[in-house]
Structures are given as C-alpha cells and as structure tokens.
Amino acid sequence: MQTIVIVGGGAGGLELATRLGDTMGRKGHARVILVDRSPTHFWKPLLHTVASGKRDPQVFQIEYSAQAAEHGFTFMHAELRSVDRAARVLELAPCLSDDVGEVRATRALGYTTLVLALGAVTNFYGVPGAAEHVCTLDNVREAKGFYRRFFGACVRASEAAGKEGNAVNVVIVGGGATGVELAAELGYSARALARYKIHTLDPARDVRISILERGPRLLPHLPLEQSARAEAYLKSRGIEIRTGTAVTQVGADSVHVKEGEGETQLRPASLTLWAAGVEGPAITGTLGLSLNRMRQIMVRPTLQSVDDPEVFAIGDCASFVCPVKGAAPPRAQVAHQQAVFLAAALGRREGRPLPEFSYRDYGSLVSLGPVAAVGVLLGGSYGSKLPVSGAFANLLYGLMYQKHLMALHGFVRAAAVTLADWLRKRISPSVKLH
Ligand SMILES: Cc1cc2nc3c(=O)[nH]c(=O)nc-3n(C[C@H](O)[C@H](O)[C@H](O)COP(=O)(O)OP(=O)(O)OC[C@H]3O[C@@H](n4cnc5c(N)ncnc54)[C@H](O)[C@@H]3O)c2cc1C
C-alpha cells in the first residue's frame, strides 16, 4: 500500500490530509500521514486577531490528532529535518511541546509520495537589525508574543503618565493585507484596553500606530480606489500611513526610515512588526529541489516539483506559475484550491497521467477591524470585478473562515462551531485582559 506523507498542516496541508483520509485512508487505498511541528491547527489569516488580543487561539484551534481520528489519516507531531529523496525517507524530530519547544531523537519515516505544505516565513530582505529586533506573525506563538508586548507597553506607558515616554509607538512595516489588518485591529484593542481600565492612556493620542510602506500605496493587490478607501478609513481611526517610505535599519526602540530621496530619519518604535513580505522556509533550501528567488519550490502544472515526480509542493512554499495568469500569490485561497486539486488528482492517479492545476482568482478581501472590510470580488465569464467595502465586505470576509471550517468539518459541525463562537463573543470581553 502506498504511503502519502503531507508535511505541514496549514491552510493547504490539513485540508489535503482530511480529503485524502476520507477518500483513500478510510478505504485502505493508501496510508495517509500528516506531519506538523505544532499539535494544533490555527488558520493563519486570523493571526492578526491573536496579535491584537481579540481572539483566543486555544478556542479557535483544531487538534490534529482529533481531526486525524475522524478522517482516516495518521498525525505525527514532529518537525521535518531532512529528506533523503533517493531512499524516499524523511528525517523527523518528534516534538514534545508546542511550537517546537523540546524535541526527541530524530526518527525515519518512509514515503511513496511526499507533499510539502510548509507555508512561508517572514522575509526581512536583509534589512540590518530586522531579524534581531522586530516581531513577526508567522505562527500563533509569535502572534501571542506580539500581543503580550503590546499589552506590556501600554501598561508601562500608563504607569509613566506625565513623564516623557508615556506613549506607545507601534510601527508596522509593510502596507499589505497583514499590516493593514493588524493596524486596524490594534486601534480597537487600544481603545478596549482603556475601557477596561488596563491603562490610563488616551488611545487616540498616546497609542500611535503607523504603517510604513515602501510602495506608493497600501494594498497594491487591490484596485486603486479600494486601497484609497482603506487608507481613508485607517486615517479616520487615527492610524498614520506613510507610503513611499522605506525602512533601512531597525534598532531595539527605533527604526531608520528614508522617504523618497530624502535624508534618513530616526523614528521611535516601542514595538516594530515586520509584515513586508514572505519567503519559503529555510528547509526548502536543503532538499536539493529547484527554488525561485523567494526560496519557494518550483512546481510543474501538476504540482510535482520540477526535479522529483514523487515530491509535490502546495501553498506558500510552492512556486506555481501559470503561463497565462503568472505566479500564484501566497494566499490561503491558492493553498485551498491546490489541496482540493491534489486530493482529487492523487485519488485517481494509479499510473494515469496527472491533470494540470489551474488557479482561479475569486478576488481578495482585507479586514479593517470588527465592522468593516474592503476588497474586490472577481468572477463571471467576463472576469467582472465587483468592489466591495464596509459592513457587507466584513460579512463576506467572515465567510472565508466559515468556508475553511466547512472544508474540514462539513456543514453541520462548521455551523455549530460558528454558533458557539458567536455566543462566546457575546459573553466574553472584547479583548484579552492579561
Ligand atoms: C496575518 C495574516 C493574514 C492573512 N490574510 C489572508 C487573507 O485574508 N486571505 C488569504 O488568502 N491569505 C491570507 N494570508 C496568507 C495565508 O495565511 C497563507 O497564504 C496560507 O496560510 C498558506 O497556507 P499553507 O498551507 O501554504 O501554509 P500555512 O498555513 O502557513 O501552514 C504551514 C504549516 O506547516 C508547518 N510546518 C512548517 N515547517 C515545518 C516543518 N519543518 N516540520 C513540520 N511542520 C512544519 C507549520 O507548523 C504550519 O502548520 C494571511 C497571512 C497572515 C500571516
């Protein structure tokens, strides 16, 4: 019996394992194994809500072992260390605690087909001091760490009231979806913490949130008027937006910025969050597979790596380039479509040629906090573009997570989880208070 090993249980990998487990694992057609270094799955597009204290990841996570038991696959809590492609064996370091705290001695796992769904990590583009001093949003641990620091900075500044330094300067580097979504949520959190008397700062005056973007506008993947709408909304919430501004160096409590051809200036930064881009994780460079400039594994239209037909790659760690539409972006939407495609393709393989993946862009939505969002829906046979904003866009944005839940749990369970979340929201504080 063939063994299909999927490494990485994120937006793409967990859906693939669930589908393959249901169709092949349960029926004994293949052994399906999911490997992840975390024991639980948390949908990455919601990380900014953990970083702003709005969402408790404990409540929104899915236990891989439980999902595996219900859907006919095996889960291994381990970190991938290396791959011997000639022998088709993985070297895994089993993890004992969350987020790769401690690991046990490595062990080997053989495979017939390997799917890499490792996601991406923050790209610092070699900016001096960035790797040492900034916070990132690559996983739940980092998102929780950011909130702890934000919370602590607010409390400390509050205690220093009347003295110099009683302001919190949050600098977000990168005006893409991650930076914009976090800035919007943090503004709400600062106000909520004041309401709960966690700090005595004036959130509008003393909690200064800025987005520094090197390009000419925020959200460059959206049409011009939608990015202008997002900028106007954020400004109305007191968030400073500096476009055409490059961060050239990062220190422990400051960033060096250069606007256009101007002189480099120093800006205070109690907290710096780097959201300026992603690249493939370092391990992709050790596999002897061809990579693009962003360290992503280059794949054929079948999603097989260009060097090894038994190694597939999906999601953010893969570089899929459509000859007509160009490179697929690092988005959950792509990871989801690739998981659906590969589950069907591997299920029907049996010596037949594999079909070719084609990415369909349904548009993009960016959250602007609890009540608003902005974006564009693409669709129809004429490729029509429908700009959406405000509360309606916010509703659609919420539905993206429901869709993910439905893919993992089916309609009834996803609806029950959504109802439980709705009730929990009504009886819990709007932000984490410690
Ligand atoms: C704040 C934020 C907001 C976003 N918003 C959106 C949005 O609105 N819409 C959208 O489409 N996309 C959004 N994205 C992007 C989206 O989250 C990613 O494109 C998507 O999660 C990629 O899925 P993936 O399966 O490739 O990887 P991931 O979901 O990142 O999963 C990778 C998995 O691999 C595991 N892993 C990594 N290395 C190893 C190893 N060596 N051994 C074992 N396991 C390993 C990790 O633990 C993780 O579980 C957002 C991202 C962020 C950070």
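## Spaces, cores and a few residues to look up

The structure holds one cavity of 30 Å³ or more. Keep in mind that this is a predicted model, where local features need pLDDT of at least 70, side-chain atom pairs count only at pLDDT 80 or more, and totals for chains, interfaces and linings use all residues. Residues are numbered from 1 along each chain as its sequence is written, and side-chain values use heavy atoms, with hydrogens and water left out.

**The cavity**

- A cavity here is a set of points, on a 1 Å grid over the protein atoms alone, where a 1.4 Å probe fits but cannot get out; lining residues have an atom within 4 Å of a point.
- A volume is the space filled by probe spheres set on the points, and the grid points are joined across faces, edges and corners.
- The largest cavity has about 50 Å³ of space in it.
- Its lining is made by Gln-296, Gly-315, Asp-316, Ala-318, Phe-320, Ala-328, Pro-329, Pro-330, Arg-331, Val-334 and Gln-338.
- Sort the lining of the largest cavity by type and you get six nonpolar, three polar and two charged residues.
- For that sorting, Ala, Val, Leu, Ile, Met, Phe, Trp, Tyr, Cys and Pro count as nonpolar, Asp, Glu, Lys and Arg as charged, and the others, Gly among them, as polar.

**The second largest pocket**

- A pocket, unlike a cavity, is an open set of points with protein on both sides within 12 Å along at least five of seven lines.
- The second largest pocket comes to a volume of about 1,400 Å³.
- It has 47 lining residues, and Lys-54, Arg-55, Phe-60, Asp-421 and Lys-425 are the closest to its centre.
- Helices H2 (47–51), H3 (57–60), H6 (140–159), H7 (177–195), H11 (390–409) and H12 (411–427) are the elements that give two or more residues to this lining.
- Helices (H or I, at least four residues) and strands (E, at least two) are DSSP runs, numbered from the N terminus.
- H11 supplies the largest share of the lining of the second largest pocket, with nine residues.
- By type, the lining of this pocket splits into 20 nonpolar, 14 polar and 13 charged residues.

**The nonpolar cores**

- A nonpolar core is a set of buried Ala, Val, Leu, Ile, Met, Phe, Trp, Tyr and Cys residues joined through side-chain atoms within 4.5 Å.
- Buried means under 20% relative accessible area, exposed means over 50%, and partly exposed is in between (1.4 Å probe, protein chains only).
- The largest nonpolar core has 111 residues, and Leu-90, Leu-116, Phe-146 and Phe-150 touch the most other members.
- H6 gives this core its largest share, nine residues.
- Another core, of twelve residues, lies apart from it, with Ala-130, Val-247, Val-255 and Ala-269 among them.

- Skipping residues up to four places away in sequence, Phe-150 touches Val-170, Leu-186, Ser-189, Ala-190, Leu-193, Val-207 and Leu-271; contact means heavy atoms within 4.5 Å.
- Val-207 sits in strand E11 (residues 207–212), and counts as buried because its relative accessibility is 5%.
- Beyond its neighbours within four places in sequence, Val-207 is in contact with Phe-150, Val-168, Ala-190, Leu-201 and Asp-202.
- Val-207 and Leu-186 are 21 residues apart along the chain, with 9.4 Å between their C-alpha atoms.
- Gly-152 belongs to helix H6 and is buried, with a relative accessible area of 16%.

- You'll find Gln-67 in helix H4 (residues 64–71), and at 2% relative accessibility Gln-67 counts as buried.
- Setting aside neighbours within four places in sequence, Gln-67 contacts Leu-14, Thr-18, Ile-62, Phe-73, Leu-408 and His-409.
- Strands E1 (residues 2–7) and E2 run parallel and are joined by six bridges; two strands pair if DSSP finds at least two bridges between them.
- Gln-2 stands opposite Ala-30 in E2.
- Strand E2 (residues 30–36) is mostly covered, with six of its seven residues buried.

- Most residues other than glycine have a negative phi.
- Tyr-125 has a positive phi, near 50 degrees, and its place is the loop between strand E9 (121–122) and helix H5 (130–133).
- Tyr-125 counts as exposed, at 53% relative accessibility.
- Arg-295 also isn't a glycine, yet its phi is positive, at about 60 degrees.
- The loop between strand E17 (278–279) and strand E18 (297–298) holds Arg-295, which is partly exposed, with a relative accessible area of 26%.
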